[in-house]
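Hi,

Here is the structure I promised to pass on. Have a look at it first, and then read my notes below.

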Amino acid sequence: DPQKPMNTSFQIKERDWYKGAVQADGLYWSDVFIDQSANRISITCSKPFYEENASGKVLKGVASSGATLEVLQNIINDAGVGETGYSFIVDQNSNVIITSKEFQIVDGEIVYDNLLESESPEVQNMGKQIQNGESGFCEFSMDGKDYFAAYRPMEVVQWGLVTIVEK
C-alpha cells in the first residue's frame, strides 16, 4: 500500500550486501545465510550505482537481488559419487557452504566447517589452493580412513567444488 508508512526499523545502509557493494565499488556476493522468510540457504548479489557530476561520481544507491541456493543444494544432495564419495562447495574463505550434511545453526547463524581449520595439512593446503582459484588433487587421512579429493574453482563466484572419495 503506497499510503502506508515505510518500516523505518529496516536500515538498508546497515545491511551487509549494501556495505559490501559500496566497499567493493562493484559487484559483491554476500556470504551464504539462512533467509528468515524462506528458511533456506541464500545469497545476495549487489552492485552500487552512481551519478556523475562536476565533483565526480556520487553514490545514488545499491541494487541487489537475492536467491536461494536450493538448486545447488539439491544437486549436491543427489550427486552420488561411488559408494562412499560425496561433493560439497566451499566459499572464498574455505567454509563448507553447501553440503549434503545438515548445517549447525546457532542463534540463527550457520556454523561452518572450514578447510583451513582441518587437522589434516593436506586439507588445509587444499583450502588455500581453492582460495587462490587453483584446481587440484590430493590424498589425505581423517578419522582413520584414507581419501582422494579433487577440487576446482567455480565461475562467477569465488567458490570451489570439492569431491571426496574413500580409497
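First, a term you'll need: a residue is called buried if its relative accessible area is under 20%, exposed if over 50%, and partly exposed in between, using a 1.4 Å probe and protein chains only. Keep in mind that this is a predicted model, so local features need a pLDDT of at least 70 and side-chain atom pairs count only at pLDDT 80 or more, while totals for chains, interfaces and linings use all residues. Residues are numbered from 1 along each chain as its sequence is written, and side-chain values use heavy atoms, with hydrogens and water left out.

Let's start with the aromatic rings. A pair of them is described by the distance of the centres and the angle of the planes. Here, rings of Phe, Tyr and Trp (its six-membered ring) pair if their centres lie within 6.5 Å; planes under 30 degrees apart are stacked, over 60 edge-to-face, and the rest tilted. Searching the whole structure turns up 4 aromatic pairs. One of them joins tryptophan 17 and tyrosine 18, edge-to-face, with 6.1 Å from centre to centre and 65° between the planes. Tryptophan 17 is buried at 17% relative accessibility, and tyrosine 18 is buried too, at 9%.

Phenylalanine 137 and phenylalanine 148 also pair: their ring centres are 5.7 Å apart and their planes are at 25°, so this pair is stacked. Phenylalanine 137 belongs to strand 9 and phenylalanine 148 to strand 10, so the pair ties together parts 11 residues apart in sequence.

Next, charges. Side chains of opposite charge can pair when their charged atoms come close. A salt bridge here is a side-chain nitrogen of Lys or Arg within 4 Å of a carboxyl oxygen of Asp or Glu, and the whole structure has 2 of them. Aspartate 25 and lysine 57 form one, at 3.1 Å from N to O. This pair links distant parts of the chain, 32 residues apart: aspartate 25 is in the loop between helix 1 (16–24) and strand 1 (28–29), and lysine 57 is in strand 4 (residues 56–68). Aspartate 25 is partly exposed at 41%, as is lysine 57 at 45%. Lysine 57 also lies over the face of tyrosine 50, at 4.3 Å from the ring centre; for that, NZ of Lys or CZ of Arg must be within 6 Å of the ring centre and within 35 degrees of the ring normal.

Glutamate 139 and lysine 167 form a salt bridge as well, at 2.5 Å from N to O. Glutamate 139 sits in strand 9 and lysine 167 in the segment after strand 11, 28 residues apart.

Now find helix 3 (residues 121–131), where Val123, Met126, Gly127 and Ile130 are buried. They cover an arc of only 100° around the axis (taken from the directions from the helix axis to the C-beta atoms), which puts them on the same side of helix 3. An α-helix has 3.6 residues a turn, so residues three or four places apart point the same way. The buried residues of helix 3 pack against strand 5 (86–90), strand 9 (136–142), strand 10 (145–153) and strand 11 (160–166), where contact means heavy atoms within 4.5 Å.

Happy browsing!

Terms used: Helix = DSSP H or I, 4+ residues; strand = E, 2+ residues; numbered from the N terminus.
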